[in-house]
Amino acid sequence: MKDAFKLTYYFIDGAQKALKKFHSDPLGTLTEKQRSIHLDLPSVFTTREGLSIALQHSMSERTFKDWIKTAIFKKPDYGTYEKHYK
């Protein structure tokens, strides 16, 4: 009987970990600088517009260009990005 409970708790624990992974808020992992830039960015923006805002917040060009390639942004067209999470 004890083994059945152990097995049940094992699967419940695994399910809870999976649920946290799939339902986590990606915006919650942003640094303060990234969060403020994300708030200042329009819903759809060009690389040049986003870079201008990032430089105002003291984020380097390379860091910004790497950051916009993450899952937080979509790239619907060449040189155009869109906030994936608003």
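This is a predicted model: local features need pLDDT of at least 70, side-chain atom pairs count only at pLDDT 80 or more; totals for chains, interfaces and linings use all residues.
Visitor: Fine. Which residues does Ile-37 touch, not counting residues up to four places away in sequence?

Guide: With those sequence neighbours set aside, Ile-37 touches Ile-53, Ala-54, His-57, Met-59 and Trp-67.

Visitor: And how do I read a nonpolar core?

Guide: The general idea is that in soluble globular proteins, nonpolar side chains tend to be buried together. In practice, a core is a set of buried Ala, Val, Leu, Ile, Met, Phe, Trp, Tyr and Cys residues joined through side-chain atoms within 4.5 Å. Buried means under 20% relative accessible area, exposed over 50%, and partly exposed in between (1.4 Å probe, protein chains only). Here, the largest nonpolar core has 15 residues. Ile-37, Phe-45, Phe-64, Trp-67 and Phe-73 have the most contacts inside this core. H3 and H4 each supply at least two of its residues, and the largest share, three residues, comes from H3.

Visitor: How are those helix labels assigned?

Guide: They are DSSP runs numbered from the N terminus: helices are H or I with at least four residues, strands are E with at least two. Helix H3 covers 47-56 and helix H4 covers 61-67.

Visitor: Which residues of H3 are buried?

Guide: Gly-50, Leu-51, Ile-53 and Ala-54 are. They sit on the same side of H3 because they cover an arc of only 165° around the axis; that arc is taken from the directions from the helix axis to the C-beta atoms.

Visitor: What covers the buried residues of H3?

Guide: The cover includes H2, strand S1 (44-46) and H4.

Visitor: Let's do charges. How many salt bridges does the structure hold?

Guide: Four. Each is a side-chain nitrogen of Lys or Arg within 4 Å of a carboxyl oxygen of Asp or Glu. Let me walk you along the chain through some of them. In helix H1, Asp-13 and Lys-17 lie four residues apart, about one turn of the helix, and their side chains meet at 3.6 Å, N to O. Asp-13 is partly exposed at 36%, whereas Lys-17 is exposed at 55%.

Visitor: And in helix H2?

Guide: Glu-32 pairs with Arg-35, with the closest N and O atoms 3.0 Å apart. These two are separated by about one helical turn because they are three residues apart in H2 (residues 32-40). Glu-32 is exposed, at 61%, while Arg-35 counts as partly exposed at 28%.

Visitor: Which partner does Asp-66 have?

Guide: Arg-62, with the closest N and O atoms 3.4 Å apart. Both lie in H4, four residues apart. Asp-66 has a relative accessible area of 40%, so it is partly exposed, and Arg-62 is partly exposed too, at 48%.

Visitor: Now a surface patch. Which residues make the nonpolar one?

Guide: Met-1, Phe-5, Tyr-9 and Ile-12, giving a patch of about 510 Å². Patch members have over 30% relative accessible area and no salt bridge; like charges are joined within 9 Å, nonpolar side chains (Val, Leu, Ile, Met, Phe, Trp, Tyr) within 5 Å. The areas come from the Shrake-Rupley method with a 1.4 Å probe, and for residues only the protein chains shown count as cover. Tyr-9 is found in helix H1 (residues 2-22) and counts as exposed, at 56% relative accessibility.

Visitor: One more: is Thr-80 buried or exposed?

Guide: Buried, because its relative accessible area is 19%. Thr-80 has its place in strand S3 (residues 80-83). Leaving out residues up to four places away in sequence, Thr-80 touches Val-44, Phe-45, Thr-46, Lys-74 and Lys-75.

Definitions and conventions. Residues are numbered from 1 along each chain as its sequence is written. Side-chain values use heavy atoms; hydrogens and water are left out. Contact means heavy atoms within 4.5 Å.
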